Amino acid sequence: MSNLLMLVLAAAGTVVDLGGLKSSAPTSWKDVEVSSPMRLKQFAVPGKDGEAELAIFFFGETQGGGVQANMDRWKKQFTAPEGKALEPKVTTIKVAGNQATILDVSGTYMFKAKPMDPGPGEPRPNHRMLAIVLETAKGNYFIKLTGPGKTIEKNKKDFDAWLKAFK
């Protein structure tokens, strides 16, 4: 990548590198210190209804579990609002020629500070998660954008554009 291109990308926002695939995060996302050594990168995503969190995980070439196992685990982090059914949507797209499976789920997020903490978690109603397994030759990358539903909706176009910009 040329120095000029790197300067342009840096001006646009923090450059995220997923095993050689690069894209600039939207400038409104705040690059924050990772809260766990399991995280590769972490951003705070602003919203007037509360901040969302974007976390990127990479565990190595053959680690982190398969696509379906992660989709199932992520779905279980949500419960349906009273009197309604949980309606998660799973789609696949190409990101820089690599398959990406996306889970879009809304409801009450059962937050846990650490995934292996006992108990059901702290209920956070009206939340949404966009969670992705990006399959690459170097291993799977796991991306989760989680927060208040209105914040996720407000930032979805930027999130989608960020994914499509990976080269």
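**Salt bridges and a buried threonine**

Lys-22 and Asp-17 form a salt bridge, their closest N and O atoms lying 3.7 Å apart. The term salt bridge is used here for a side-chain nitrogen of Lys or Arg within 4 Å of a carboxyl oxygen of Asp or Glu. The model is a predicted one, in which local features need pLDDT of at least 70 and side-chain atom pairs count only at pLDDT 80 or more, while totals for chains, interfaces and linings use all residues. Residues are numbered from 1 along each chain as its sequence is written, and side-chain values use heavy atoms, with hydrogens and water left out.

Side chains of opposite charge can pair when their charged atoms come close. By the rule above, the count comes to seven salt bridges.

A second salt bridge joins Glu-53 to Arg-39, with 3.1 Å between the closest N and O atoms. This pair links distant parts of the chain, since Glu-53 belongs to strand β5 (residues 52-58) and Arg-39 to strand β4 (residues 39-45), 14 residues apart. Helices (H or I, at least four residues) and strands (E, at least two) are DSSP runs, numbered from the N terminus. Glu-53, at 30% relative accessibility, counts as partly exposed, whereas Arg-39, at 18%, counts as buried.

Asp-160 is partly exposed at 25% relative accessibility, and Lys-156 is partly exposed at 22%. Elsewhere, a network of salt bridges links Asp-104, Arg-128 and Glu-153.

Attention now turns to Thr-136, a residue of strand β9 (residues 122-136). Thr-136 counts as buried because its relative accessibility is 16%. A polar atom of the Thr-136 side chain lies 2.6 Å from the backbone oxygen of Gly-139. Leaving aside residues up to four places away in sequence, Thr-136 touches Leu-21, Asn-98 and Tyr-141, where contact means heavy atoms within 4.5 Å.

Definitions and conventions:
Buried means under 20% relative accessible area, exposed over 50%, partly exposed in between (1.4 Å probe, protein chains only). A polar contact is a pair of N or O atoms within 3.5 Å; within protein, one must be able to donate a hydrogen and the other to accept it, and residues adjacent in sequence count only if both atoms are side-chain atoms.
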